[in-house]
Amino acid sequence: MAEETIFSKIIRREIPSDIVYQDELVTAFRDISPRTPTHVLIVPNVLIQNVNDVLPEHEQALGRLFTVASKIARDEGIDEDGYRLIVNCNRHGGQEVYHIHMHLLGGRPLGPLLSD
Ligand code: 5GP
C-alpha cells in the first residue's frame, strides 16, 4: 500500500493550497515553489505513486490530466504561446513527491528540454 503524501491532504483540502481546478477525478493547484510564471500541478485524486504503478484502470483519471492541463493553459492565457507538461518518475527523473503529478509550466520561453 503506497504511503500518502502532502498531496492527499491538499486534495482533501485539509491543508491550504491554491487550488485552481477540482473534480471527481483530479485536482490542480499552484506549485508552492513556482519555476515559471504559471506552474500548476495536476494530480489524480487517487494515490498512484508514479508512472511505474499506472494500471489500465487509471486511464480515465490520467487522461483527465491532459483535458485539465488544456483548460488551465487556456484560462492562464498561455495556450497560444505554448507551455510544457512534465511527469517525473523516481530518482533519475527528479521525483520528489510520490503521488503522480503533471507539471504545467509556462508564461515565458522555457529553453531546451534538459539543462544537462
Ligand atoms: P516532483 O519533483 O516530485 O516532480 O515535483 C514536486 C513538486 O511539488 C515540486 O515542484 C514542489 O515545489 C511541489 N510541492 C512540494 N510540496 C508542496 C506543497 O506542500 N504544496 C504545493 N503546492 N506544492 C508542493
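Modeller: Let's begin with Gln-95, which, leaving aside its neighbours within four places in sequence, is in contact with Gln-49, Asn-50, Asn-88, Cys-89 and Asn-90. Contact means heavy atoms within 4.5 Å. Keep in mind that this is a predicted model: local features need pLDDT of at least 70, side-chain atom pairs count only at pLDDT 80 or more, and totals for chains, interfaces and linings use all residues. Residues are numbered from 1 along each chain as its sequence is written, and side-chain values use heavy atoms, with hydrogens and water left out.

Biologist: Why is Gln-95 called buried?

Modeller: Buried means under 20% relative accessible area, exposed over 50%, and partly exposed in between, using a 1.4 Å probe and protein chains only. Gln-95 has 7%, so it counts as buried. Its place is in the loop between helix H3 (90-93) and strand S5 (102-106). Helices (H or I, at least four residues) and strands (E, at least two) are DSSP runs, numbered from the N terminus.

Biologist: Which backbone oxygens does the side chain of Gln-95 reach?

Modeller: That side chain reaches the backbone oxygen of Gln-49 at 3.0 Å, and that of Val-97 at 3.0 Å too. A polar contact is a pair of N or O atoms within 3.5 Å; within protein, one must be able to donate a hydrogen and the other to accept it, and residues adjacent in sequence count only if both atoms are side-chain atoms.

Biologist: What lies 2.9 Å from a backbone N or O atom of Val-97?

Modeller: An oxygen atom of the ligand. A ligand oxygen is also 2.9 Å from an N or O atom in the side chain of Asn-88, and a polar side-chain atom of Asp-31 lies 2.5 Å from a ligand oxygen. Taken alone, the ligand exposes 520 Å², and the protein buries 88% of that. Those areas come from the Shrake-Rupley method with a 1.4 Å probe; for residues, only the protein chains shown count as cover.

Biologist: How many residues surround the ligand?

Modeller: There are 17, and the closest are Asp-31, Arg-35, Glu-96, His-101 and His-103. To be counted, a residue needs a heavy atom within 4 Å of the molecule.

Biologist: What makes S1 and S2 a pair?

Modeller: Two strands pair if DSSP finds at least two bridges between them. Here 3 bridges join S1 (residues 19-22) to S2 (residues 26-30), and the two run antiparallel. The hairpin joining them goes through 3 residues. Within this pairing, Gln-22 stands opposite Thr-27 in S2.

Biologist: Is Thr-27 buried or exposed?

Modeller: Buried, because its relative accessible area is 0%. Its side chain makes a polar contact of 2.8 Å with that of Gln-22, and another of 2.6 Å with that of Asn-45.

Biologist: Why is the protein called as compact as a globular protein of its length?

Modeller: It has 3 helices and 5 strands. Its radius of gyration is 14 Å, close to the 13 Å that the globule rule gives for 116 residues, so it is as compact as a globular protein of that length. The radius is taken over C-alpha atoms, and the rule is 2.2 Å times the number of residues to the power 0.38. Buried residues make up 35% of the 116.
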